[in-house]
Amino acid sequence: MTNDTAIASPTAAGSIEVRDLTFAYGRDPVLKDVTFKLDKCAIGLLGPNGSGKTTLLRALLGHLKGASGNIDVLGCDMTVKPHAARKRIGWMPERGGILPDMSGVGMVAYLGELSGMPTTDALQRSHEVLNYVGLADERYRKADTYSQGMRQRLKLAQALVHDPDWLFLDEPTSGLDPSGRVSLLELVRDLARAKGFGVILSTHLLADVREVCEEILVLRKGVLLDHGRVEIDTNGEHEVFIVEGFGDETAFADQLAAAGIPAERQERLWEIAVPRDVGAHRILEAAAATDYALRRLEAKTETLEDLFFRLVDDRSVTPDEGGE
Ligand code: ADP
C-alpha cells in the first residue's frame with residue numbers, strides 16, 4: 001500500500017524545549033508552568049479530552065498569542081519568530097483541514113504551495129505523499145466525499161508534503177474504525193521508526209502511543225504530570241538496569257563513573273545504562289569494590305503502561321482514559 005521510496009528520511013536534527021509555559025484563553029490557565037525538552041523521536045502526548053494537548057501543540061507551532069514562558073522549537077523562539085521552524089514541521093490538525101470542492105491531489109499540492117514550494121514541485125510531491133499514505137487511487141476524487149479514514153490519510157499527506165523534520169499529529173485516529181486506526185498507526189510508526197521523523201502524537205488513547213512512541217508526556221488539566229522514556233530498542237548499544245542497595249552511594253556511583261558508566265538516582269533506585277558488551281557484571285564489580293550491598297539488580301523492561309502509571313502515580317487516571 002505504501003511507497004517507501006517517496007518519503008525521504010529527514011536529515012536535520014533539532015530539539016524542542018519548553019520552559020514555564022503558561023497560557024489562558026480566558027481567565028483560567030489551560031496550560032500551567034509546562035516544562036520539558038524533547039529530542040527527535042516519537043513522543044506520545046497523552047491526556048484526557050480537555051487537558052490542553054491541542055493548545056500545547058498550537059503553542060509549539062507559535063499559534064498562541066499571549067503565552068508566557070519560553071518555547072524553543074528547532075532553535076526558533078516561537079513566541080517571536082516562528083516561521084523558520086514552521087517550515088520544518090508538518091501539522092495534522094484534529095479538526096478541519098478539508099476544503100470543499102477540491103481533489104485530494106489538488107489540496108495537498110495547494111498546502112505545499114502555501115508552505116512555499118513551487119507549483120510543479122508541490123504537485124509532484126502531492127502525488128508522492130498520496131501514494132505513500134495509500135490514496136493514489138482516490139487522488140482525483142473530491143476530498144469532501146472522502147470517508148473519515150481517507151480524510152485522516154489526506155491530512156497526514158498534507159503534513160508531509162513539504163518534507164518536514166517533525167510531525168505534530170493531533171488525535172490522528174479520531175473517528176476511525178479499528179482497522180482504519182491500525183493502518184493509520186502503522187503509517188505513523190513507519191514515519192517515526194523507519195523514516196526517522198520526530199513525531200508528537202497527541203491522543204487520549206494510551207493504546208495509540210503503545211506501538212508508536214518511545215516517550216510520553218502526560219498532561220492533565222493543563223499540568224504536565226511528567227515526561228518519561230520507554231527503552232524500546234532492545235538491540236541498542238546500552239542495556240538499562242534497575243539497582244537498589246545499601247551503603248556508600250557516592251562511592252558506588254563514583255566507581256561506576258570511573259568505569260565510564262553513568263548511574264542516575266531515581267528516588268530509592270538507581271537506573272544504570274551499561275554498554276551491552278560490558279553487561280551487568282560491571283555493576284556487581286562496582287558494588288563489591290565499594291561494599292555496596294545490592295538488594296536488587298534487574299534489567300529494565302518497562303512497558304508503556306508501566307511508564308504511564310509510574311509517571312501518573314495515581315490510579316485515578318486509568319488507561320480507560322486511554323480507551324482500552
Ligand atoms: P485537548 O486537546 O487535550 O482536548 P484543548 O487544548 O483542546 O484540550 O483544550 C484545553 C481547554 O481549553 C479546554 O477546557 C477547552 O475547552 C479550552 N479551549 C480550547 N480551545 C479554546 C478556545 N479557542 N477558546 C477558549 N477555550 C478553549
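A nonpolar core is a set of buried Ala, Val, Leu, Ile, Met, Phe, Trp, Tyr and Cys residues joined through side-chain atoms within 4.5 Å. Buried means under 20% relative accessible area, exposed means over 50%, and partly exposed lies in between (1.4 Å probe, protein chains only). The structure is a predicted model, in which local features need pLDDT of at least 70 and side-chain atom pairs count only at pLDDT 80 or more, while totals for chains, interfaces and linings use all residues. Residues are numbered from 1 along each chain as its sequence is written, and side-chain values use heavy atoms, with hydrogens and water left out.

Of its 324 residues, 47% are buried. Contacts are defined by heavy atoms within 4.5 Å. Among contacts between residues at least 6 apart in sequence, 70% join residues at least 24 apart. The protein exposes about 15,300 Å², of which carbon and sulfur atoms supply 48%; accessible areas come from the Shrake-Rupley method with a 1.4 Å probe, and for residues only the protein chains shown count as cover.

In soluble globular proteins, nonpolar side chains tend to be buried together. Here the largest nonpolar core has 42 residues, and V133, L154 and L160 have the most contacts inside it. Apart from this core lies another, of 31 residues, including C41, I43, L57 and C76. Residues up to four places away in sequence not being counted, L154 touches I98, G104, M107, V108, L130, L135, A143 and Y146.

Helix α3 spans residues 104-114, and its buried residues are G104, V105, M107, V108, A109 and G112. The cover over these buried residues includes α4 (119-132) and α5 (148-160). After α3 comes G116, which has a positive phi near 105°.

Q152 belongs to helix α5. This residue is buried, at a relative accessible area of 1%. Sequence neighbours up to four places away aside, Q152 touches M92, E171, P172, T173, S174, L176 and L184. S202, in strand β8 (residues 198-203), is buried with a relative accessible area of 0%. Beyond its neighbours within four places in sequence, S202 is in contact with L45, K53, L57, L169, D170, E171 and P172. W91 lies in strand β6 (residues 89-92) and is partly exposed, at 24% relative accessible area. Not counting residues up to four places away in sequence, W91 touches L57, L61, A159, F168 and D170. W91 and L160 are 69 residues apart in sequence, and their C-alpha atoms are 8.4 Å apart in space.

The ligand is surrounded by Y25, V30, P48, N49, G50, S51, G52, K53, T54 and T55, a residue being counted if one of its heavy atoms lies within 4 Å. This shell has three nonpolar, six polar and one charged residues; Ala, Val, Leu, Ile, Met, Phe, Trp, Tyr, Cys and Pro count as nonpolar, Asp, Glu, Lys and Arg as charged, and the others, Gly among them, as polar. Helix α1 (residues 53-60) supplies the largest share of the shell, three residues. A backbone N or O atom of G50 lies 2.7 Å from an oxygen atom of the ligand, and a side-chain N or O atom of K53 is 2.8 Å from a ligand oxygen atom. The protein covers 54% of the 550 Å² of accessible area that the ligand has on its own.

Notes: Polar contact = N/O pair within 3.5 Å; in protein donor to acceptor, adjacent residues only side chain to side chain. Helix = DSSP H or I, 4+ residues; strand = E, 2+ residues; numbered from the N terminus.
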